[in-house]
Amino acid sequence: MRAAWGRASLTRVRGRVRRPVRGRWRLLGRLVQAAGRGDAVSRHELLSVRGHSVAWLFPLLMLVAIAAIDVATGAFHIVSWTVLVPGVAAAICGVRATAVFAVAAVAVYVLADTTWQHRDQTGLPGLILVSLGGAIAVVAAGVRVGGERRMLHMRDIAETTRRTVLRPIPEGWGGLDHAAVYLSSDSEARVGGDFYDIQPGPHGTRVLVGDVQGKGLGAVETAAALLGTFREAAYHEADLATVAERLEVRIRRHRGHTAALGRADGDRFATAVLIGFLPDRPDVVEAVVFGHEPPLAAGPGGVRYLPVTGGLPLGMGDLVPGPPAPPVTRHTLAPEETLLVVTDGVTEARDAEGRFYRHADDVARAVTADASNAAPSRLVALVRDGTLRHCRGRLSDDTTVFAVRRRPGPAYG
């Protein structure tokens, strides 16, 4: 993780997302990609028409084609290819459909043996081969279907975890317009160490965006611990500095707990940006930066980094004397300025030549061309697409893009 310190100018500014297969091979390519990932959901969607599975069409057409070619040409080797039909069914159909095609393959073979007079070329060895291939295909289909069910169950658990850590944020929550996108560097994962949330309260609306060092369940646990503390402290505490201090104390307590359990994955830190929208000052925001990329302010007047005074990441406050949290800084924002915060999945995205992605440059060009691009949803889409394009879909780290600005009218919560 790359710590970023405050910068006031633009002098420097989740895995793998596979490229789409173009043309007539698009469907086949997507099927191969889904099969390679073991992605049952994608495969089922691709093989469905109006909610009904058409996977059985592929092995059926294959069986019909083999039989037709055999009758038309009399080539005695062609009918032996029926052994492939239940294998194809095992890859895309259910157990029952695979068993049906296994029986059908044997029936076609026997029909060729008796009606089409191939007995002298085929006979018992070929029948045993087709029968054994069908039986193996049925077993393989059973194993595949069982694995897919377990995978879907784990995906449901991961989705529940994601909604717990990265809870859905209502539109206009806390009087803010907001947009966010999370991309995992692991194509099979649904949640990682990146986190964000908005918490309205009697002392204003607070926003937290951050990135826990490392990956895996340990990073998710740390993110969940920080978010739990943020949601309570941001609501009850009057001073943003106190909220920041409680976050620092929370990550130290969490590390102590994991160490007491004898776990080696608990010694983590987190970079983060804590923002406070004041209830009585619509033109002012407060910010605390814990070793993170400073917020980028984008609006009709231009694009700039907030000149924050950065501090150490969460969990490292005890390494230096003084207060456990970085100082709170105040900044003036224009009514239509949006604050954009990204994690290092964006700032460390590299192209084929190893160059980092300069997302602020893209934002500056877009806002200069059209001021409406400063809207949170447009900014998030712009940076997301630019990141994926720059790194060719190969994310090196979990990626979060979060944009927020005050909407006209009073906050609520």
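Let's start with helix H8, which lies across strands E5, E6 and E7 (284-290) and runs at about 155 degrees to E6. Helices (H or I, at least four residues) and strands (E, at least two) are DSSP runs numbered from the N terminus, and angles run from 0 to 180 degrees between N-to-C directions, with axes fitted as lines to C-alpha atoms, for helices over the stretch in contact. This is a predicted model, in which local features need pLDDT of at least 70 and side-chain atom pairs count only at pLDDT 80 or more, while totals for chains, interfaces and linings use all residues. Residues are numbered from 1 along each chain as its sequence is written, and side-chain values use heavy atoms, with hydrogens and water left out.

- Five strands form an open sheet in the order E4-E5-E6-E7-E10, with antiparallel pairing; two strands pair if DSSP finds at least two bridges between them.
- E4 and E10 (329-332) are the edge strands with a single partner each, so one side of each has no neighbour in the sheet.
- On average, neighbouring strands here are turned by 20 degrees against each other, direction ignored.
- Eight bridges pair E5 with E6 in the antiparallel sense, and Leu208 stands opposite Leu274 in E6.
- Helix H7 also packs on this sheet, touching E4, E5 and E6 (contact means heavy atoms within 4.5 Å), and its direction makes about 15 degrees with that of E4.
- E4 (residues 194-201) and E5 (residues 204-212) are joined by a hairpin through two residues, and they pair over eight antiparallel bridges.
- Seven of the eight residues in E4 are buried, where buried means under 20% relative accessible area, exposed over 50% and partly exposed in between (1.4 Å probe, protein chains only).

**H7 meets H8**

- H7 (residues 217-236) and H8 (residues 240-260) pack at an angle of about 150 degrees, and their axes are 9 Å apart.
- Residues of H7 that meet H8 include Leu226 and Phe230, and their counterparts in H8 include Val243 and Leu247.
- By class, this contact has eight nonpolar, three polar and three charged residues; Ala, Val, Leu, Ile, Met, Phe, Trp, Tyr, Cys and Pro count as nonpolar, Asp, Glu, Lys and Arg as charged, and the others, Gly among them, as polar.

**The nonpolar cores**

- A nonpolar core is a set of buried Ala, Val, Leu, Ile, Met, Phe, Trp, Tyr and Cys residues joined through side-chain atoms within 4.5 Å.
- The largest has 46 residues, of which Phe195, Leu274 and Leu339 touch the most other members.
- H7 gives the most to this core, with eight residues.
- Apart from it lies another core of 24 residues, among them Leu296 and Val363.

**Arg268, a buried charged residue**

- Arg268 sits in the loop between H8 and E6 (270-277), and it is buried, with a relative accessible area of 8%.
- Among the residues that Arg268 touches are Gly218, Thr222 and Ile251.
- Arg268 and Gly218 are 50 residues apart in sequence and 8.5 Å apart in space, C-alpha to C-alpha.

**The other sheet**

- Another open sheet of five strands has the order E3-E12-E11-E8-E9, with antiparallel pairing.
- Its edges are E3 (176-183) and E9 (302-305), each with a single partner strand, so one side of each is left without a neighbour in the sheet.
- The twist averages 15 degrees from one strand to the next.
- Helix H10 (residues 359-369) packs on this sheet, touching E8 (296-299), E9 and E11.

Definitions and conventions: Lists of a residue's contacts leave out its neighbours within four places in sequence.
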